Amino acid sequence: MLYSYFVLVLLPLTLPFIEAQNGGFSVELIHRDSPKSPFYNPTETSFHKLKNALHRSLNRYKHFYPQANVSRNTPVTIISPIEQEFVMKYSIGTPPFNVMGLVDTASDITWLQCLPCEKCYNQTDPLFNPSKSSTYQLAPCNSQECHSIHFSFCNNGSNCLYNESYYDGSYTAGNVAFDTLTLPSTTGSSVAFPNITIACGLNNSGIYDPKASGIVGLGAGKISLISQIGPSIGSKFSYCLLPTSNSSSKLNFGENAIVAGPGVVSTPILSGPDTFYYLTLEAMSVGPKRIELVGSSKAQKGNIIIDSGTTLTLLPQDLYTKLESEVVAHIKLKRDPGRDHISSLCYKASLDEIGPPNITAHFTGADVVLNSVNTFISDSNNFTCFAFFPVPDDAIYGNVAQINFLIGYDLQQKTLSFKSTDCTKM
């Protein structure tokens with residue numbers, strides 16, 4: 001049930017190619033803790049997975065808001081922002097070269113480690129060699145793509161370069177280039193996208209996972225992979241996250257990504273100064289009790305990021321305090337004091353024993369009624385904690401709150417749709 005990390009696994013790249021069209025395709029999503037995952041750790045207990053999920057969520061928040069002070073009693077290990085919640089297997093170049101990249105719905109550029117690498121972090125898989133790809137081309141300095149990358153620059157040469165650094169001291173630098181990027185679909189045919197802008201990292205250092213090479217940016221920015229392939233997929237993608245790590249979820253594109261039918265609610269996606277997907281959260285309800293954001297410094301449009309890479313839903317302290325108080329009033333069990341300060345609201349009981357109240361997230365134009373799998377997370381020993389957490393300001397709508405919802409992003413209409421769905425039947 002714990003959605004702390006996902007791995008995007010795609011079919012082998014030896015399948016026939018098809019041209020990317022609006023008639024859609026899907027890829028598989030596999031939970032990080034699944035035995036299918038390359039990150040699976042059989043020695044890690046379910047409690048440690050729960051604890052790590054909290055830490056990753058707070059680290060993610062710190063990445064989004066580096067000036068925020070997440071103090072409380074929970075220790076926060078400052079990690080590189082490229083330690084994301086999804087991994088995606090794709091290919092780059094001609095002939096296709098397999099790459100394992102960390103997927104980030106809050107990042108723009110797609111970058112990977114490349115040869116000849118001046119300084120690279122230890123990577124398990126071979127590095128991409130651009131000289132062996134017949135479709136690889138360096139991006140010129142005067143190209144629109146070069147200007148669309150906020151951390152690009154040019155030296156005395158005519159080629160576009162980039163240098164991205166993170167708050168923890170990690171960085172990546174190298175060439176901006178174009179090449180063919182290929183995604184194999186669940187239908188058995190690989191989908192090739194030519195002339196995709198990538199960043200070829202020749203100098204990369206920091207806290208990187210050796211099982212992955214760089215990131216795949218699926219954010220809202222102009223240079224993200226989603227934006228670049230937008231004309232081929234109708235600028236639509238969706239996903240449906242399962243409540244268990246034993247089966248695969250799906251990430252859908254194009255016509256496969258349309259969210260329609262009874263029960264669909266939609267809310268505007270708002271633009272920000274970055275590549276995040278912003279929504280407007282107006283209130284939270286516990287049963288009939290509605291808690292407005294009145295008085296919150298974030299009671300305004302575009303006040304919450306929806307992010308598949310963050311496990312918990314992180315709310316401003318004032319809203320969280322009222323929400324927790326209402327939830328506690330509905331649960332007639334003794335609170336567990338918490339282990340290792342994992343959360344301020346935990347119980348030594350199963351979800352059925354807790355019987356948590358219905359919680360509704362009120363977005364502009366969309367009331368999303370959450371179930372117990374969206375509001376509490378448990379380990380295998382029935383240690384159960386609230387899937388919401390207080391932060392000083394700002395907010396992130398995490399992936400636990402998205403379980404068993406078909407969630408569709410329409411970047412043409414700038415709307416995000418929710419449909420309550422049994423994702424095991426997708």
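## Basis of the model

The model is predicted, with local features requiring pLDDT of at least 70 and side-chain atom pairs counted only at pLDDT 80 or more, whereas totals for chains, interfaces and linings use all residues. Residues are numbered from 1 along each chain as its sequence is written, and side-chain values use heavy atoms, with hydrogens and water left out.

## Overall architecture

The protein contains seven helices and 29 strands; these elements are DSSP runs numbered from the N terminus, with helices being H or I of at least four residues and strands being E of at least two. Of the 426 residues in the protein, 58% are buried. Here buried denotes under 20% relative accessible area, exposed over 50%, and partly exposed the range in between (1.4 Å probe, protein chains only).

Among contacts in the protein with a separation of 6 or more, 69% come from residues 24 or more positions apart, a contact being heavy atoms within 4.5 Å. The accessible surface amounts to about 16,900 Å², and carbon and sulfur atoms contribute 50% of that area.

## Helix α1

Helix α1 covers residues 46–64, a run of 19 residues. From its first C-alpha to its last it reaches 27 Å, close to the 27 Å expected at 1.5 Å a residue; the expected span is 1.5 Å times one less than the number of residues in the helix. The helix is mostly covered, with 16 of its 19 residues buried.

## Disulfides

The whole structure holds six disulfides, each defined as a pair of cysteine sulfur atoms within 2.5 Å. With the bonded cysteines numbered in sequence order, the pairing reads 1-8, 2-3, 4-6, 5-7, 9-12, 10-11. One of the links joins C117 to C120, with an S to S distance of 1.3 Å. The link of C117 and C120 is right-handed, at 70 degrees about the S-S bond. C117 is partly exposed at 24% relative accessibility, and C120 is partly exposed at 27%.

A further disulfide is formed by C141 and C154, whose sulfur atoms are 1.8 Å apart. This pair links distant parts of the chain, 13 residues apart: C141 is in the loop between β7 (137–138) and α2 (144–148), while C154 is in the loop between β8 (152–153) and β9 (161–165). The link of C141 and C154 is left-handed, with -130 degrees about the S-S bond. C141 is buried at 15% relative accessible area, whereas C154 is partly exposed at 34%. C240 is joined to C423 at an S to S distance of 2.0 Å. The link of C240 and C423 is left-handed at -75 degrees about the S-S bond. C240 is buried, with a relative accessible area of 3%, and C423 is buried, with 5%.

## Salt bridges

Side chains of opposite charge can pair when their charged atoms come close. Four salt bridges are found in the whole structure, the criterion being a side-chain nitrogen of Lys or Arg within 4 Å of a carboxyl oxygen of Asp or Glu. Among them is the pair of D410 and K236, with the closest N and O atoms 3.9 Å apart. D410 belongs to strand β28 (residues 405–410) and K236 to strand β13 (residues 236–240), so that the pair links distant parts of the chain, 174 residues apart. D410 is buried at 15% relative accessibility.

E292 and R290 form another salt bridge, in which the closest N and O atoms are 2.5 Å apart. E292 is partly exposed with a relative accessible area of 36%, and R290 is partly exposed with 36%. The side chains of E324 and R335 also meet in a salt bridge, at 3.5 Å from N to O. E324 lies in helix α5 (residues 317–330) and R335 in the loop between α5 and β21 (346–348), so this pair ties together parts that are 11 residues apart in sequence. E324 counts as buried at 14% relative accessibility, while R335 counts as partly exposed at 33%.

Terms used:
Accessible areas come from the Shrake-Rupley method with a 1.4 Å probe; for residues, only the protein chains shown count as cover.
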